[in-house]
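Please examine the model shown below with attention to its covalent link, its backbone geometry and its helices. The paragraphs that follow take up these topics in turn.

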Amino acid sequence: MRTSILLVLLAIAIQGAAQSTLPSVMVQTLEGKKVDTKSFSNNGKPIILNFWATWCAPCKKELSAVAEKYDEWQAKTGVKLIAVSIDDARTSARVKPYVSGQDWDYDVYLDPNGDLKRALNVNNVPHTFLLNGAGEIVWQHNNYEPGDENELYRKVQELAGKK
């Protein structure tokens, strides 16, 4: 019994430590260039990291809802949104044309092998992480209901010291 409790506590501590910062994982730009996620930065300002897929209707609704307010969010808080597509080999060819047709002013990357997804324990999409200026994960949320973007913005404001 005591060993089981210690193992559970150890597993929780490891999981918490693993999720506290963005791991170093290679993702791809829409042009196919490999990028290490450790290079993601926003000059000390918050970063929203959003996992999505072309086949995920709630994902597309969330990113489109944020897009309507993104210019204002950036002007007031300096936040940057990075959208990571988890589309696999069967659907990743749809990402670039879809993004080109949207009014998204985001950095968009592909995670075709799911390496970043697995490293952050993302089990379903949409899944959104909020990182502080030091790259530490300070909040996360999965799924999307209309209005969830308002909660996200409140968190961004708190993090940016604008609330």
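The link of Cys56 and Cys59 is right-handed, with 80 degrees about the S-S bond. This link is a disulfide, a term used here for a pair of cysteine sulfur atoms within 2.5 Å; the sulfur atoms of Cys56 and Cys59 are 2.2 Å apart. The structure holds 1 disulfide. A disulfide is, in general, a covalent bond between the sulfur atoms of two cysteines. Both partners are buried: Cys56 has a relative accessible area of 4%, and Cys59 has 0%. Burial is defined with a 1.4 Å probe on protein chains only, where buried means under 20% relative accessible area, exposed over 50%, and partly exposed in between.

The structure is a predicted model, in which local features need pLDDT of at least 70 and side-chain atom pairs count only at pLDDT 80 or more, whereas totals for chains, interfaces and linings use all residues. Residues are numbered from 1 along each chain as its sequence is written, and side-chain values use heavy atoms, with hydrogens and water left out.

Cys59 also belongs to the buried set of helix α2, together with Glu62, Leu63, Ala65, Val66, Ala67, Tyr70, Trp73 and Thr77. Helices (H or I, at least four residues) and strands (E, at least two) are DSSP runs, numbered from the N terminus. The buried residues of α2 pack against β3, β4 (80-85), β6 and α5, with contact taken as heavy atoms within 4.5 Å. Helix α2 covers residues 57-77, and its 21 residues should span 30 Å at 1.5 Å a residue; the end C-alpha atoms are 28 Å apart, which agrees. The expected span is 1.5 Å times one less than the number of residues in the helix. Along its course, α2 has a kink of about 55 degrees centred on Lys69; the bend at a residue is the angle between axes fitted to the seven residues ending there and the seven starting there.

Helix α5 can be read in the same terms. Its 13 residues should span 18 Å, and its end C-alpha atoms are 19 Å apart, which agrees. Asp148, Glu149, Leu152, Tyr153, Val156 and Gln157 are buried in α5, and their cover includes β3, α2, β6 and β7. Just after α5, Gly161 takes a positive phi of about 70 degrees.

Which backbone values deserve attention in the loops? Most residues other than glycine have a negative phi, and most peptide bonds are trans. Asn43, however, has a positive phi near 50 degrees; this residue lies in the loop between β2 (34-36) and β3 (47-52) and is exposed at 77% relative accessibility. Asn143 likewise has a positive phi, near 75 degrees. The place of Asn143 is the loop between β7 (137-142) and α5 (148-160), where this residue is partly exposed at 39% relative accessibility. The peptide bond from Val125 to Pro126 is cis, with omega near 0 degrees, and Pro126 lies in the loop between α4 (115-119) and β6 (127-131).

Confidence in the model is expressed by pLDDT, the predictor's confidence in each residue, from 0 to 100. The chain has a mean pLDDT of 90, and 88% of its residues reach 70 or more. Over residues 7-19 the pLDDT is below 50, and this stretch has 5 contacts in the model beyond near neighbours in sequence. Where pLDDT is low, the predicted coordinates should not be read in detail.
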